[in-house]
Amino acid sequence: MKLICIGRNYTDHIKELENEKPTDPVVFLKPDTAILLKKQPFFIPEFSNDVHHEVEVLVKINRVGKYIDKKFAHKYYSEIGLGIDFTARDLQAQLKAKGLPWEKAKAFDGAAVIGNWLPKEDFKDLNNLDFSLKKNEEVVQQGNTGLMLWKIDEIIEYVSKYFTLKIGDVIFTGTPAGVGKVIANDKLKGYIEDKQLFSITVK
Ligand code: MG
């Protein structure tokens, strides 16, 4: 399986990193080895001094598809989740400056937190979901899927032009503002509305 990630999907986060607003979604992949194993702590890799949390709403693909029209995209997922796209910001800045791919900064082992899944029927409107990240019990990131530049069904339409979607693939839909550095012993908890979907410790 693969993890398909969208970058720069929230205007407020584009501003905080001083990035340009994209005309097409920014897409990158993480391999399955990036998934943080359940109940394991996240270890800050030795090659970075500035690993950031990026909390993101996740979508799990449940049918094989290619060139999926956004009108039919809702048939390709039944569960919604929440995760973290951990990013070695210092390394990413070096790679971006040289116009190089971001994988070393975003696809390293443990860089993808995938929390518990919930049936999409649990939510009235997937385009109006509040989600948040607490660091040491303080809310550090808050978002609403209504603020995404590309909504879930539009993301599926777009990425499926390039990649065949397979059962079990996970889409990371982008992060809102409030990204920040993690340090050893931080505790990160993620929520969609009032439901806690993950809790991890940083080492
Ligand atoms: Mg991200």
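Q: Which residues of helix 2 are buried?
A: This is a predicted model, in which local features need pLDDT of at least 70, side-chain atom pairs count only at pLDDT 80 or more, and totals for chains, interfaces and linings use all residues. Residues are numbered from 1 along each chain as its sequence is written, while side-chain values rest on heavy atoms, with hydrogens and water left out. Helices (H or I, at least four residues) and strands (E, at least two) are DSSP runs numbered from the N terminus, and buried means under 20% relative accessible area, exposed over 50% and partly exposed in between, with a 1.4 Å probe and protein chains only. In helix 2, the residues that count as buried are Arg89, Leu91, Gln92 and Leu95.

Q: What covers the buried residues of helix 2?
A: Contact here means heavy atoms within 4.5 Å. The elements that cover this buried set include helix 1 (11-16), strand 3, strand 6 and helix 3.

Q: In what order do the three strands of the open sheet lie?
A: Two strands pair if DSSP finds at least two bridges between them. Strand 3 (residues 51-53) is joined to strand 12 by two bridges, and these strands run antiparallel, with histidine 53 having glycine 180 in strand 12 as its bridge partner. Strand 6 (87-88) and strand 12 (180-181) are the edge strands, each pairing on one side only. The pairing in the open sheet is antiparallel, and the order is 6-3-12.

Q: Which residues coordinate the magnesium ion?
A: Donors are N, O and S atoms within 2.8 Å of the metal (3.2 Å for Na, K and Ca), and water is not among the atoms, so sites may look incomplete. Along the chain, the donors of the magnesium ion follow the spacing E-x1-E-x28-D, and both glutamate 54 and glutamate 56 are buried. At 2.0 to 2.1 Å, the magnesium ion is coordinated by Glu54 (OE), Glu56 (OE) and Asp85 (OD).

Q: Which residues does lysine 106 touch, not counting residues up to four places away in sequence?
A: Lysine 106 is found in helix 3, and it counts as buried because its relative accessibility is 3%. Beyond those sequence neighbours, lysine 106 touches Phe28, Lys30, Glu54, Asp85, Phe86, Thr87, Gln92 and Ala111.

Q: How many residues apart in sequence are the parts that the pair of phenylalanine 28 and tryptophan 102 ties together?
A: Phenylalanine 28 and tryptophan 102 form a tilted aromatic pair, at 5.5 Å centre to centre and with 55° between the planes. Phenylalanine 28 is buried, with a relative accessible area of 9%, and tryptophan 102 counts as buried at 17%. Because phenylalanine 28 lies in strand 2 (residues 26-30) and tryptophan 102 in the loop between helix 2 (89-97) and helix 3 (103-106), the separation in sequence is 74 residues.

Q: Which residues does asparagine 49 contact, leaving aside its neighbours within four places in sequence?
A: Asparagine 49 has its place in the loop between strand 2 and strand 3, and it is exposed because its relative accessible area is 64%. Leaving aside those neighbours, asparagine 49 is in contact with Asp90 and Lys181.

Q: Which residue in the hairpin of strand 13 and strand 14 takes a positive phi?
A: Six bridges join strand 13 (residues 187-192) to strand 14 (residues 195-201), and these strands run antiparallel. The bridge partner of lysine 189 in strand 14 is serine 199. The hairpin has two residues between the strands, and the residue with a positive phi near 50° is glutamate 193.

Notes
Phe/Tyr/Trp six-rings, centres within 6.5 Å; stacked < 30°, edge-to-face > 60°.
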